[in-house]
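Open the model in your viewer and keep the selection tool at hand. The stops below go from a sheet to an annotated site.

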Amino acid sequence: MSSFTSSFSTKVPHTFRKNNIFPKKQILGTLSWTKKDSYLGFTAQTSSQTNFVSAMDEDCKLEVNSAYISDGYSKEVEIAVRAVHMACLLCQRVQKNLLSESSEHVHSKEDDSPVTIADWSVQAIVSWVLSEAYGSNVSIVAEEDVEALSKASAAGLLEAVVRTVNECLADAPRFGLKGPDTDLDAKAVLEAINRCSLAGARCSKFWVLDPVDGTLGFVRGDQYAIALALIEDGEPVLGVLGCPNYPIKKEWLSYQNGYRRILSRLTSSTSESSDRGSVLYARKGGGRAWMQPLLRGENKFVWPNSAREIRVSSIDNPALATFCEPVEKANSSHSFTAGLAHSVGLRNQPLRVYSMVKYAAIARGDAEIYMKFARAGYKEKIWDHAAGVLIIEEAGGVVTDAGGQPLDFSKGEYLEGLDRGIIACAGAKLHGTIIGAVDASWNSSSL
């Protein structure tokens with residue numbers, strides 16, 4: 001494999017033209033060659049061509065490693081990571097205010113699930129960033145709509161969302177992104193949220209976003225995630241998972257709800273307990289997944305922001321494995337997974353956490369199995385799984401339905417044709433064991 005023997009930087013103007021997803025305006029950035037064989041999981045190839053320059057103006061230049069830029073989806077990966085990282089810090093601020101002040105900005109949707117100003121604000125932020133990068137016709141599928149925000153009675157709520165969005169975008173240069181020239185007004189914020197349409201899920205290529213996955217965990221001060229993926233021909237090709245409360249130490253992951261929140265308030269901001277928050281990401285075919293810590297203090301985002309490679313656990317003995325399952329019982333069967341765990345010899349207590357943090361736990365090697373078997377009538381949505389599935393697979397794990405088939409993201413907003421449930425494991429051997437146990441136990445279940 002070639003490596004670069006010199007280091008230099010030059011300002012390069014470049015116009016993107018690829019599959020109508022690249023920006024149509026001229027982009028300026030800084031291109032840097034460095035001597036490395038591999039960088040962030042993207043193979044180095046000696047080339048004089050400029051394949052990627054981040055969206056910067058002359059006052060906001062970015063150092064980009066050539067080993068990274070030579071592979072497919074590199075531009076999308078970097079923009080997605082920056083957007084999700086920025087959204088994570090937004091959520092941390094909103095969650096802190098919700099816990100210390102009031103819950104007046106927590107609302108219930110028609111299915112009684114909660115939605116907060118963070119959900120709408122993150123959707124607006126990510127939509128705005130992607131639209132600036134790829135044009136207003138970019139296809140984005142996301143969970144929230146503007147119906148509740150558009151009501152006259154929601155004027156105060158909308159005002160809070162607009163304020164939150166503009167506070168976040170004002171910080172864009174810190175993340176190597178160019179913010180708007182002026183603050184967005186309410187109309188612009190609503191347009192950004194509404195740009196995300198379920199109709200986009202019928203396109204051959206689209207982004208899928210869950211602005212705050214695990215909103216119940218979010219309002220309780222516990223685990224939640226910001227999930228962004230790029231789907232092409234029914235498969236995730238890029239996944240980014242922001243986990244603002246994910247602790248660096250595995251032991252802290254099991255401290256849930258009030259107990260964990262009380263501990264975090266009692267400990268100093270410099271203690272190990274507060275050392276939490278990360279962004280995980282991968283691209284299809286890279287064979288690697290990465291995790292970078294969230295920015296602290298006034299630090300600026302410099303790609304790749306101290307990212308390190310993550311791998312799934314090597315444990316393949318069920319007796320030593322830890323399995324994840326949802327905290328809430330409303331849409332999943334704890335009794336079936338408990339019986340299944342016992343039948344295969346799982347002895348550790350289940351790790352019950354909110355949101356796609358379960359996928360992060362598998363990818364990071366903090367757990368080995370994630371099983372979800374929905375109750376009758378519940379349909380899994382694509383934004384609840386796309387990013388996590390890809391990250392686990394590139395970290396060395398296996399994710400399928402209970403019949404051993406890959407998840408199909410080509411049928412719209414739902415994972416249609418799902419065979420019974422979803423099984424994610426740290427390796428093929430463990431995955432085969434769980435699949436066999438499901439087949440042996442299913443007929444006796446009430447699901």
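In which sense do strand E17 and strand E19 pair, and over how many bridges? Select residues 369–372 for E17 and residues 422–425 for E19: the two strands pair in the antiparallel sense, over four bridges. Strands pair if DSSP finds at least two bridges between them; strands (E, at least two residues) and helices (H or I, at least four) are DSSP runs, numbered from the N terminus. Within this pairing, Ile369 has Cys425 of E19 as its bridge partner.

This is a predicted model, in which local features need pLDDT of at least 70, side-chain atom pairs count only at pLDDT 80 or more, and totals for chains, interfaces and linings use all residues. Residues are numbered from 1 along each chain as its sequence is written, and side-chain values use heavy atoms, with hydrogens and water left out.

Now show the whole sheet. It is open, with five strands in the order E16-E15-E17-E19-E18 and mixed pairing. At its edges are E16 (351–352) and E18 (398–401), each pairing on one side only.

Next, select Glu143, Asp210, Asp213 and Asp384, which an unreviewed UniProt entry annotates as "binding site"; such annotations may be inferred rather than shown by experiment, and positions are given in the numbering used here, with feature names shortened. They are spread over 242 residues of sequence but cluster in space, the largest C-alpha distance being 9.5 Å.

Zoom in on Asp384, in the loop between E17 and H10. Asp384 counts as buried because its relative accessible area is 15% (buried is under 20%, exposed over 50%, partly exposed in between, with a 1.4 Å probe and protein chains only). Its contacts (heavy atoms within 4.5 Å) include Asp210, Asp213 and Tyr378, leaving aside residues up to four places away in sequence.

Finish at Asp213 in strand E9 (residues 205–213).
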